[in-house]
Amino acid sequence: MEKELKSLRDVTVRFAGDSGDGMQLTGSQFTDTTALVGNDLSTFPDYPAEIRAPAGSLFGVSAFQLHFSSEDIHTPGDSPDVLVAMNPAALKINLVELKPGATIIVNVDAFDTKNLKLAKYDVNPLEDKTLDGYNVIKVPITSLTQNALEGSGLTLKEVLRCKNFFALGMMYWLYHRPIEPTLEWITSKFAKRKELADANIKALKAGYNFCEM
């Protein structure tokens, strides 16, 4: 299927998930790469309401918002055009602030009974009319990351920590950002643990390539 290319004047993106999902790191890398390509930008990190809140809970949601443009901008944006929601709690907390018709990229793997209950959802919002009017893109980010890192030798916990880079790779593809600066950052950051560097690089490339399919 042929993909449509659109030219946008400005975009506001929000990454949201658990405090352990690496949303601040993901947002920072997207910010640094956006600056390198010459866009003007403004950011707004949003930290969890509670320290060490239970994973998947509403009080543990961490977010990072970035407003970027080809023109001068002075605010981190009001209502996001795009939300990357790594779990139900991230969706519930941020849904009310999205623009009408916004794009929502959800990690569909996280919408299980346990996480839905933690987010105070009685019904899966992906299956009722909660998201009517939005452009919802359901991606099994967790399982795709696990598949990409099969045979890596990492523990399951270490593998799951790489899923933010899969999401970042998707966003780099979506907004035509180069992945090379982040590849260099990963190599430097995990220089003493090559297996982690290799895993995060694979996850980033897997997310980017997933969108090429």
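How many nonpolar, polar and charged residues does the lining of the second largest pocket have? By class, this lining has six nonpolar, eight polar and eight charged residues (Ala, Val, Leu, Ile, Met, Phe, Trp, Tyr, Cys and Pro count as nonpolar, Asp, Glu, Lys and Arg as charged, the others, Gly among them, as polar). This is a predicted model: local features need pLDDT of at least 70, side-chain atom pairs count only at pLDDT 80 or more, and totals for chains, interfaces and linings use all residues. Residues are numbered from 1 along each chain as its sequence is written, and side-chain values use heavy atoms, without hydrogens and water.

**Chain**
- The chain has eight helices and six strands (DSSP runs numbered from the N terminus: H or I, at least four residues, for helices; E, at least two, for strands).
- Along the sequence the pattern is β-α-β-β-β-α-β-α-β-α-α-α-α-α.
- The C-alpha trace spans about 45 × 45 × 40 Å along its principal axes.

**Second largest pocket**
- Its lining consists of 22 residues, with Asp-18, Asp-21, Ala-55, Leu-160 and Lys-163 nearest the centre (on a 1 Å grid over the protein atoms alone, a pocket is an open set of points where a 1.4 Å probe fits, with protein on both sides within 12 Å along at least five of seven lines; lining residues have an atom within 4 Å of a point).
- Helix 3 (113-118) and helix 5 (156-160) each supply at least two lining residues.

**Helix 4 and helix 6**
- Ile-141, Thr-142, Leu-144 and Thr-145 of helix 4 meet Lys-163, Phe-166 and Ala-167 of helix 6 (contact means heavy atoms within 4.5 Å).
- The residues of this contact divide into four nonpolar, two polar and one charged.
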